[in-house]
Amino acid sequence: MITLTGDDLTLKQVKEVLFLKKKVTASAKSLQAVQKSREAVEKIVSESRVVYGITTGFGKFSDVLIDRTHVQDLQLNLIRSHACGVGEPFPEVVAKAMVLLRANALLKGYSGIRPMIIEKLLAFVNADIIPVVPQQGSLGASGDLAPLSHLALVLIGEGEVFYKGKRMDSLTALQQEGILPVVLDAKEGLALINGTQAMTAMGVVGYLEAEDLAFESELIASMTMEALNGIIDAFAEEVQVARGYKQQIETAARIRHYLQDSLLTTQQGELRVQDAYSLRCIPQVHGATWQALDYVKEKLEIEMNAATDNPLIFNEGEIVISGGNFHGQPIALAMDFMKIAVSELANISERRIERLVNPQLSNLPPFLSPQPGLQSGAMIMQYVAAALVSENKTLAHPASIDSIPSSANQEDHVSMGTIASRHAYQIIENVRRVLAIELICAMQAVEFRGIEKMASLTKAFYEKGREQVSAIKADRVFSKDIERAAQWLKTLDFHQFMKDHLKKA
């Protein structure tokens, strides 16, 4: 059981909830703070004070006062009118993360929501009642209004959910779990949708996959090093320390570890003086990606524990401030950074693929074909990698530099952070397929070099890979191989693989 406080949720804990199905509960102390904040809202309503979103309309309607008898109608109308997202739903794991992160943010006690609303959200997480949330429609400021409105619909028994493998009306799922829908009261609708949880949830899932992919890319690159008789000297510790980047030093150290007992790598001057950049500069390029990922991780863990509502309630209601914490710029920039950084893993991988299949760049059979000429082998796999890399260049265009005014120019600068996070995830999926192609080519190439000469760790990885994709004995529909290898990389527990190898060693 993971206890949420609103202040210290980590990516590791989110991963456990999303992928290991750990249950969550709310801290009693945090719920007390939530209750005090709620009492402040009720006092504001009883005194008919003019406070944005509690006794006024929203956005450009902030100057329209709402009679206290209509506060529930105001919140219901807000959710229904703002639930206008379009396009395909977010992946279920992302939508589940949204619910988790929204509950955690509300537990900070600045939003004036009733504790029972948070408890309902956590019940959804624990029962795997996952809102159907369309991906498109958020500007990434004023919060992820459209996506989070679809999340809020579930609380009131409207909208749709994914539940027990089916897509259904939310009320049906709630009834099956014995959960009653709620009637939203003053400020609660606004508190549910004024936040960055759509972009952050998408960013969290993207980051978790990108982190795994970055580790896998190093092991795949190590196998390519063996297939191309790469020069190990370039990975020497003193070379990396001379530059000073921690992530570069760590990347080189991991690759030295992976290749420590290989008989296929070479020394400087043995076959050639130096390698091409796609081999020689792996620590520098992959290390720079790790620098970006470290930055992204820091921003996500701050945002996961941030109050992104508006207005925020302080000092038990004595101070109510309309601010701009809903603006997604910090996550928008982080997502754009991740897009570029992860794209580079594919850029350099595609160049290694070219070296594996191009006979002018190696002494391997042309396109790793078993019968060059009669059979094309991996020729078009390199085309696919090149196409994916090119597509990533378009997707990597920064979304955060765009803005368009909304709400009659009241909301005149927005982050587009949700677009950035969605594009980042598309890039990650493309990169995984490029790395799957490198893996397929590297496995084929090391067979020409001699599997018995491989390092023990890369050989173990090779053997696992061969369980997914068989050797190329004749041309076949390689699309299936690429997708199977990519899916394996997605589901592979890299750290468990390393632990298992260490036990056997």
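Helices (H or I, at least four residues) and strands (E, at least two) are taken as DSSP runs and numbered from the N terminus. The structure is a predicted model, in which local features need pLDDT of at least 70 and side-chain atom pairs count only at pLDDT 80 or more, while totals for chains, interfaces and linings use all residues. Residues are numbered from 1 along each chain as its sequence is written, and side-chain values use heavy atoms, with hydrogens and water left out.

Salt bridges (a side-chain nitrogen of Lys or Arg within 4 Å of a carboxyl oxygen of Asp or Glu) number 26 in a search of the whole structure. One of these pairs lies in helix α11, which spans residues 246-258. There Lys-246 and Glu-250 are four residues apart, about one turn of the helix, and their closest N and O atoms are separated by 3.3 Å. Glu-250 is partly exposed, at 32% relative accessibility; relative accessible area is taken with a 1.4 Å probe on protein chains only, with buried meaning under 20%, exposed over 50% and partly exposed in between.

A salt bridge also joins Asp-481 to Arg-476, with an N to O distance of 2.7 Å. Asp-481 is buried, at 5% relative accessibility, whereas Arg-476 is partly exposed, at 28%. In the salt bridge between Arg-49 and Glu-47, the N to O distance is 4.0 Å. Arg-49 has a relative accessible area of 29% and is partly exposed; Glu-47 is likewise partly exposed, at 42%.

Beyond these pairs, a network of salt bridges links Arg-38, Glu-42, Arg-114, Asp-185 and Glu-188.
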